[in-house]
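Please look over the sequence and the structure below before reading on.

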Amino acid sequence: MEREKIEILERSFGRFFQTGEECLFKCPKCAHYKRKLSVNIDKNVFKCWICGYSGIDISLLLKRYAPYSEYSKWISFGEVVDLARFEDIFADETIKAEKPVVHLPEAFKTLTGKSDSFGARHAISYLRDRGIDKEDILKWKIGYCDSGDYAKRVCIPSFDDAGDLNYFIARSYAGHFPKYKNPPVSRDVVFNDLYIDWDEPVVLVEGVFDAMRAENAIPILGSSLGENSKLFRKIVKCRKEVYIALDSDAESKERKIIKNLMDYDVEVRKVNLGPYSDVGDMPKEVFSKFQKEATVVNNTDYL
């Protein structure tokens, strides 16, 4: 069977050379002239050492870049993927980064309790204008700063799955530029992973205020989601159904995210925003209605 698999790979990706247990091909994603796409048939993993494209199931590589006839032959072998290894591809070559320490601003004050200060009233007024009520403030642990580097900004913290602070969003409520001023750490996080139910479908939206309109929602903190990001990897690892609802001006980036998720066999449902251009502008009940009406995206839809 291994010989047959090597023949499929060779027909799909051209000549290769072998080193130990790995076959090295030219990477179809980055098209680098060197053969740096390492494929290990025994472990059923692959990785390009130029662009970083990797996976725990060679069939996904074939599904994306090989002729359908070769992909069909490969999956007829009935490989079973161990999703637990998704984050440990070629683990002996991977150096895992130390988790950064993140602190809330020194001037942070919570809005979850009672406060009669001018700053608190101003911040709550801003949140109310955005359709965010007391229940949302409690759920998202929202606070504000009335002095320091983050003065006159509402602050929404994020916690990783271990309960440690890993990021926060600081949004001006007084018209300051820039609107958002976030901590000097990577935003490659699963925002508020601590509160996500990974046994249920998740909703992907752009920003944290969009996420407040939906249940079990994760802001991607922008309009792109790379295959090597922590959020993308966790979605693929958990293999949960995904609802995607990005703003209307991010249509091309949304299509790319959908395609990448589908390449990893994640079921994606597209939420139609109707007359709204921004999820954050919707009442919760309207988004809930649109989410129920969302349909599964298939390859025909994407094409």
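Predicted model: local features only at pLDDT ≥ 70, side-chain atom pairs only at ≥ 80, totals over all residues.

Residues are numbered from 1 along each chain as its sequence is written, and side-chain values use heavy atoms, with hydrogens and water left out.

The chain has 10 helices and 14 strands; helices (H or I, at least four residues) and strands (E, at least two) are DSSP runs numbered from the N terminus. Taken along the principal axes, the C-alpha atoms fill a box of roughly 75 × 40 × 30 Å. Of the 303 residues in the chain, 45% are buried, where buried means under 20% relative accessible area, exposed means over 50%, and partly exposed is in between (1.4 Å probe, protein chains only). The accessible surface of the chain comes to about 16000 Å², and carbon and sulfur atoms hold 49% of that surface; such areas come from the Shrake-Rupley method with a 1.4 Å probe, and for residues only the protein chains shown count as cover. Among contacts in the chain with a separation of 6 or more, 57% join residues 24 or more positions apart, a contact being heavy atoms within 4.5 Å.

Next come the helix pairs. Two packed helices are described by the angle between their axes and the distance between the axes. Here the axes are lines fitted to C-alpha atoms, for helices over the stretch in contact, and angles run from 0 to 180 degrees between N-to-C directions.

How do helix 1 and helix 2 run relative to each other, parallel or antiparallel? Their axes come within 11 Å and cross at roughly 30°, and the two helices are therefore roughly parallel. Angles under 35 degrees count as roughly parallel, over 145 as roughly antiparallel, 65 to 115 as roughly perpendicular and the rest as oblique. Helix 1 passes helix 2 in a left-handed crossing; a crossing is left-handed if the near helix is turned anticlockwise from the far one by less than a right angle, and right-handed if clockwise. Helix 1 contributes Ile8, Leu9, Ser12 and Phe13 to the contact, and helix 2 contributes Ile58, Leu61, Leu62 and Tyr65. By class, this contact has 7 nonpolar residues, 1 polar residue and no charged residues. In this scheme Ala, Val, Leu, Ile, Met, Phe, Trp, Tyr, Cys and Pro count as nonpolar, Asp, Glu, Lys and Arg as charged, and the others, Gly among them, as polar.

Helix 2 (residues 58-65) also packs against helix 3 (residues 68-75), with axes that come within 8 Å and cross at roughly 160°. Helix 2 and helix 3 are therefore roughly antiparallel. The contact joins Ile58, Ser59, Leu62 and Lys63 of helix 2 to Tyr71, Trp74 and Ile75 of helix 3. Its residues divide into 5 nonpolar, 1 polar and 1 charged. The crossing of helix 2 and helix 3 is left-handed.

Helix 1 (residues 2-13) and helix 3 pack at about 165°, with their axes 10 Å apart, which makes the two roughly antiparallel. Lys5, Ile8, Leu9, Arg11 and Ser12 of helix 1 meet Glu70, Lys73 and Trp74 of helix 3. This contact holds 3 nonpolar, 1 polar and 4 charged residues.

The remaining positions lie further along the sequence. Aspartate 136 is in helix 5 (residues 134-140) and is buried, at 3% relative accessible area. Neighbours within four places in sequence aside, aspartate 136 is in contact with Gly131, Ile142, Met212, Arg213 and Lys284.

Aspartate 193 sits in the loop between strand 9 (165-172) and strand 10 (202-205). Aspartate 193 is buried too, at 7%. With neighbours within four places again left out, its contacts are Phe159, Asp160, Asp161, Trp198 and Lys234.

Alanine 250 is in the loop between strand 12 (242-244) and helix 8 (251-263), and counts as buried at 6% relative accessibility. Beyond four places in sequence, alanine 250 touches Glu206 and Ser223.

Outside four places in sequence, serine 277 is in contact with Asp247 and Ser248. The C-alpha atoms of serine 277 and aspartate 136 are separated by 22 Å, and the two residues are 141 apart along the chain.
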